[in-house]
Amino acid sequence: MLEESAKQLFATHCKAEHVRKAQQTGEIETLLNELVHAGFVDALVPEADGGAGLSLIDLAPVLFQAGAHAAPLPLGDTIVARTEPAVPSGSGAVAIAPGPLETTAKGRMLSNVPFGRVASYVIARSPADWHLLPLEEATVLASPSSGILGADLLWPHDAPNGLTVERQDWFRIGALMRAVEMAGAMGRLLEMTVAYAMEREQFGRAIAKQQAIQQQIGEMAEHCYAARISAELGLAGFTDPSASAIAKSRVSEAAVRVGAIAHAVHGAIGITEEHDLQLYTRRLVEARIAYGGESYWNRELGQALLNTTDSSMEFVLSVSARKKMPIDL
Amino acid sequence: MGFSAEFSRKMAEKGWLGLSIEKQYGGQEAGFFRRYVIVEELLAAGAPVSAHWIADRQSGPLIQRYGSEEQKQRYLPGICAGQSFFCIGMSEPNAGSDLASVRSRAEKTVGGWLLNGQKIWTTNATRSHYMIALVRTSGSAADRHQGLSQFVIDLSAPGVEIREIKDLNGDAHFSEVFFKDVFLPDDTLIGDEGAGWEQVTAELAFERSGPERILSSIVVLEGWLNWLRATPQSHDEKLGRAIAHLATLRELSISVTARLAAGESPIVQAAIVKDLGTSFEQELPVMIADALTADPRLQPPRSLMETTVFVAGAAPSYSLRGGTREILRGMIARGLGLR
């Protein structure tokens, strides 16, 4: 049910034309309002405080749909941020800064903040604690290194510090949400690639009939399925850093192959600005390296295992323990 | 996977075999997930589970699903007691990936069928009591999926001859099996005559999705982890990647088991698990062999080197047995509507 209503919402308010417009102007108000009205944005807030009182894994279908429509906002990050008392209701989108707040000659600066162009607030480390900073007084500087929707954010030296937030693991949350987004986008890329292979003809027949194409798309489907299930593991084990590490590492690795095969099958048309493929594949390229790539999270995971006395199987079982086995079946 | 009839009987005494088989046939009726949990522990510990493995994983569930009442009473109690061992009669010399082209043929005769032909690459044939074989009962190889049936063949019957084949590591775990005028009584036909293809396809979903499709090389990973703890080195990243893959594969395998348990036949999902799982099992010994020799000043434990080399040698078979990589990807493509 949640999945159907999310699907409908994004299909109406997050079409390719909306995504393109948001990329040009940073404008996301209609989509954000719809997400608030649907109850998705405050879904983790307890019912007593006006939210839906759900847990993050319940929202997996909504977050995957956001990825599948290249939603131009940090939905998962905002949903978690709304559980912070410091974040006012009706606060707009909340981005997470991957690096610390730095003092420069021009002012106080956050570099390369994903979704910095569309956010109303950003959560950032400065220097020891995490703070909530409003973007009202900030200068938003889009740059090629910040990505499609990302930006450098600059405040005057005398800008207030912002309120402290309770959670201290925002970098990891940013990584997990990018993994979930990528898994959603990969599902959409698989659909697009299958459809294109069946319609595109070469050598007198649909390229889908070529074994070489079938083998590539078969492999692509494997990576999509693996990405989705490891993203679910990350959401189910939300409080476990190793579950997030598994999700970000595994999904990022899958994203490389999925993006490559999607482009290989689409051929030259997929390289054009006009074709929608790039709305997804460029986001994969960015999300893969946002908040740590595979190497970083693999190292974290390896160190976490070495710091226990667990066998590798015991370690894996402890991470998935939060996902209940359907033992009654 | 080691073979020990005694270990299998002890498993049965503990009530750890026939977990998905009904109680009236000697099973536990405990469901697929209890089996999953137990099997996972056994594999991670490297237990000698080979004797009962095929019977417990697929022959028992197959007979329970398609067998007659009389057949269930005849075969299932022995499987659950760890006393009847089964092997799988699918591949033939000219029917490997192209399984539908099997030529072993059973001709109708009074009171039963007369079987002639040959199977190959049959794991544990010399040590099993029964084979469930896919054979042609009507038409010709050109009829493809039509005219195939499954029989339970008593391997002690006259006319059955088994010859072991040594593998590249020097072990003889698989064999050739010859049938010359082997009489198969009517009541050894499993399910419907001519429905063999559909039944074998359902059976393969059990064969392709279990934890053994992930854990064939796990003993190398555990050995390496122990050495890394004893002799710290900078391989955290490689270790972490293995864990990310292992955890994901386990979730995939469990999700397919859930579908099997719900009575579905998740053929495409099982193919996905098998291809990803065997890719991981094949990469593991390659990666670890490199890591073990990354610093010539360090001497890895001899037994770990031996195991790694042994597994690396056997690993190419992982993506052959139970369906090759190309066949599996073709099945996934078909599931997506591409063919």
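The model is predicted; local features need pLDDT of at least 70 and side-chain atom pairs count only at pLDDT 80 or more, whereas totals for chains, interfaces and linings use all residues. Residues are numbered from 1 along each chain as its sequence is written, chains are lettered from A and ligands numbered from 1 in the order in which they are written, and side-chain values use heavy atoms, with hydrogens and water left out. Chain A is assigned domain 1 (2-164) and domain 2 (170-320), and chain B has domain 1 (5-84), domain 2 (88-192) and domain 3 (210-335); these bounds come from an automatic or database domain assignment.

**Cavities**

- The whole structure holds eight cavities of 30 Å³ or more; a cavity is a set of points on a 1 Å grid over the protein atoms alone where a 1.4 Å probe fits but cannot get out, and its lining residues have an atom within 4 Å of a point.
- Grid points are joined across faces, edges and corners, and a volume is the space filled by probe spheres set on the points.
- The largest cavity has a volume of about 150 Å³.
- Its lining comprises 14 residues, with B:Phe32, B:Arg35, B:Phe206, B:Thr257 and B:Leu260 nearest the centre.
- Two or more lining residues come from each of helix H2 (32-44), helix H3 (50-66), helix H5 (196-209) and helix H7 (236-261) of chain B, where helices are DSSP runs (H or I, at least four residues) numbered from the N terminus.
- Six nonpolar, four polar and four charged residues make up the lining of the largest cavity; Ala, Val, Leu, Ile, Met, Phe, Trp, Tyr, Cys and Pro count as nonpolar, Asp, Glu, Lys and Arg as charged, and the others, Gly among them, as polar.
- Domain 1 and domain 3 of chain B each give at least three residues to the lining of the largest cavity.
- The second largest cavity holds about 90 Å³ of space, and its lining includes A:Leu63, A:Met177, A:Glu181 and A:Arg283.
- The second largest cavity lies between domain 1 and domain 2 of chain A, because both give residues to its lining.

**Interface of chains A and B**

- In this interface, 50 residues of chain B are in contact (heavy atoms within 4.5 Å) with 46 residues of chain A.
- The two chains bury about 4,200 Å² between them, 67% of it on carbon and sulfur atoms; buried area is the accessible area (1.4 Å probe) that two parts lose on being put together, summed over both.
- Four salt bridges link chain B and chain A, each being a side-chain nitrogen of Lys or Arg within 4 Å of a carboxyl oxygen of Asp or Glu.
- A:Glu219 and B:Arg329 meet in a salt bridge at 4.0 Å, N to O.

**Domains within chain A**

- The C-alpha centres of domain 1 and domain 2 of chain A are 22 Å apart, and the contact takes 32 residues from domain 1 and 30 residues from domain 2.
- These two domains of chain A bury about 2,600 Å² between them, 68% of it on carbon and sulfur atoms.
- A:Arg20, A:Phe64 and A:Ile148 supply 26% of the area that domain 1 buries against domain 2, more than any other three residues.
- Three salt bridges are counted between domain 1 and domain 2 of chain A.

**Domains 2 and 3 of chain B**

- The area buried between domain 2 and domain 3 of chain B is about 340 Å², with 54% from carbon and sulfur atoms.
- The interface of domain 2 and domain 3 of chain B has zero salt bridges.

Key. 1 Å grid on protein atoms, 1.4 Å probe; cavity = no way out; pocket = protein on both sides within 12 Å on 5 of 7 lines; lining within 4 Å.
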